[in-house]
Amino acid sequence: MRVQSSATTATRIAVDTASPRPSRAPAGVLQAALGVVAFSLTFPATAWGLEGFGPWALVALRSVLAALIAGGCLLALRVPPPARRHWPGIAVVAAGVVLGYPLLTTLALETSTTAHAAVVVGLLPLTTALLSALRVGTRPSRAFWAAALAGAAAVVAFTVLQSGGALTSADLYLFAALLVCAAGYTEGGRLARVLPGWQVTGWALVLCLPLTVPVAAVALAHQPPQLTAHSVVGVLWVAAGSQFLGLVVWYRGMAAIGIPKASQLQLAQPLLTLVWSVLLLGEHLTPAAPLTAAAVLVCIAVTQRARG
């Protein structure tokens, strides 16, 4: 009887870990949506940052600043280090979200417009859902996958149209960024079920400090920054907004509503990025923007209602 009871308890814990909690769904959607808004400003802010910083200096400096914020919060609240079993997952988050994605997309934005780079974000929800199915064992419904594929296709078609349909040398950076970021999101969403999301982000940032501090020092010495209002605001946003606060609410949202459904909210991110690109960078949009926005919103509504 004891063996059976223990097995039943273990099964319940496993099911609870793999499934979102219905009572937390509305708050989870809001938190994930706030994360998407924060991330949508990343490309324009990076473009601003590149006005005064080299790509390596920008990526390393944003990580160091974000780690100082996160480390200060961890120290102030006296948060103990995670258990040893959680560190491999935190390392995946660090490699994918803290280092890989920012570096690869920053390198891409040296030769690519923000509109073209948004194709990465357009494919990210589908890639995250696929990796989630492999890593966490989630099994979304056919309606979910159909809506996800339709939404990804709409976003890809729009962003390719925005860039004139031509592939650039930045595409390799962008597709590599897509893969490493999806891996980091998946692992971060899994860890956020057992650790507070901000701690997952915080420890991943702190873990990177032994690498990012010397890289920042060397990069800044090799290519001294040309400080402007845009470059300073850009660095501060990608550090505090995108790298820390955005990831905190994003991982909390994924833990509440599930990785696949949260990832589909990112279908709106490329369109938000294009709006910011017009307002902040002076780029121009085609008349296809409102039609794509409507298609994406329909796909998001379907994926949020589909049951896995």
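This is a predicted model: local features need pLDDT of at least 70, side-chain atom pairs count only at pLDDT 80 or more; totals for chains, interfaces and linings use all residues.
Visitor: On to H5, then. How far does H5 reach from its first C-alpha to its last?
Guide: H5 covers residues 87-109, which is 23 residues. At 1.5 Å a residue you'd expect 33 Å. The model comes close to that, with a reach of 31 Å.

Visitor: Where in H5 does the kink lie?
Guide: Look shortly before proline 102. The bend there is about 40 degrees, and the residue that carries the kink is glycine 100.

Visitor: How many residues of H5 are buried?
Guide: H5 is largely enclosed by the rest of the structure. That description follows from the burial count, because out of 23 residues the number buried is 17.

Visitor: Which residues does tyrosine 173 touch, not counting those up to four places away in sequence?
Guide: Tyrosine 173 is in helix H8 (residues 171-191) and counts as partly exposed, at 36% relative accessibility. Its C-alpha is 9.6 Å from that of alanine 117, 56 residues away along the chain. Setting aside residues up to four places away, tyrosine 173 touches Leu104, Leu107 and Ala108.

Visitor: Which residues touch the most other members of the largest nonpolar core?
Guide: In soluble globular proteins, nonpolar side chains tend to be buried together. Here the largest nonpolar core holds 62 residues. Those touching the most other members are Tyr185, Trp250 and Tyr251.

Visitor: Take tryptophan 250. What is its relative accessible area?
Guide: Beyond its neighbours within four places in sequence, tryptophan 250 is in contact with residues including Gln31, Val36, Phe39, Tyr185 and Gln266. Tryptophan 250 counts as buried, and its relative accessible area is 0%.

Visitor: What kind of pair do the rings of phenylalanine 39 and tryptophan 250 make?
Guide: By the ring-centre rule there are 5 aromatic pairs in the model. For phenylalanine 39 and tryptophan 250, the centres are 6.0 Å apart and the planes are at 75 degrees, so the pair is edge-to-face.

Visitor: How many residues apart in sequence are the parts that this pair of phenylalanine 39 and tryptophan 250 ties together?
Guide: Phenylalanine 39 lies in helix H2 (residues 25-40), while tryptophan 250 lies in helix H11 (residues 229-257). Because the partners come from those two helices, the pair ties together parts whose separation in residues is 211.

Visitor: Which residues form one aromatic cluster with Phe39?
Guide: Phenylalanine 39 is itself buried, with a relative accessible area of 6%. The cluster takes in Phe39 along with Tyr185 and Trp250.

Visitor: How far apart in space are leucine 30 and glycine 253, C-alpha to C-alpha?
Guide: Leucine 30 is also in helix H2, but it counts as exposed, at 53% relative accessibility. In sequence, leucine 30 and glycine 253 are 223 residues apart. In space, their C-alpha atoms are separated by 7.3 Å.

Visitor: How many disulfides does the count come to?
Guide: Cysteine 181 is buried, at 0% relative accessibility. The closest cysteine sulfur to its own is in cysteine 208, at 14 Å, which is too far for a bond. For the model, the disulfide count comes to 0.

Visitor: Last one: which residue follows H13?
Guide: H13 runs over residues 269-281 and reaches 17 Å, close to the expected 18 Å. Its buried residues include Leu271, Leu274 and Ser277. After H13 comes a residue with a positive phi, near 80 degrees: glycine 282.

Key. Residues are numbered from 1 along each chain as its sequence is written. Side-chain values use heavy atoms; hydrogens and water are left out. Helices (H or I, at least four residues) and strands (E, at least two) are DSSP runs, numbered from the N terminus. The expected span of a helix is 1.5 Å times one less than its number of residues. The bend at a residue is the angle between axes fitted to the seven residues ending there and the seven starting there. Buried means under 20% relative accessible area, exposed over 50%, partly exposed in between (1.4 Å probe, protein chains only). A disulfide is a pair of cysteine sulfur atoms within 2.5 Å. A nonpolar core is a set of buried Ala, Val, Leu, Ile, Met, Phe, Trp, Tyr and Cys residues joined through side-chain atoms within 4.5 Å. Contact means heavy atoms within 4.5 Å. Rings of Phe, Tyr and Trp (its six-membered ring) pair if their centres lie within 6.5 Å; planes under 30 degrees apart count as stacked, over 60 as edge-to-face and the rest as tilted.
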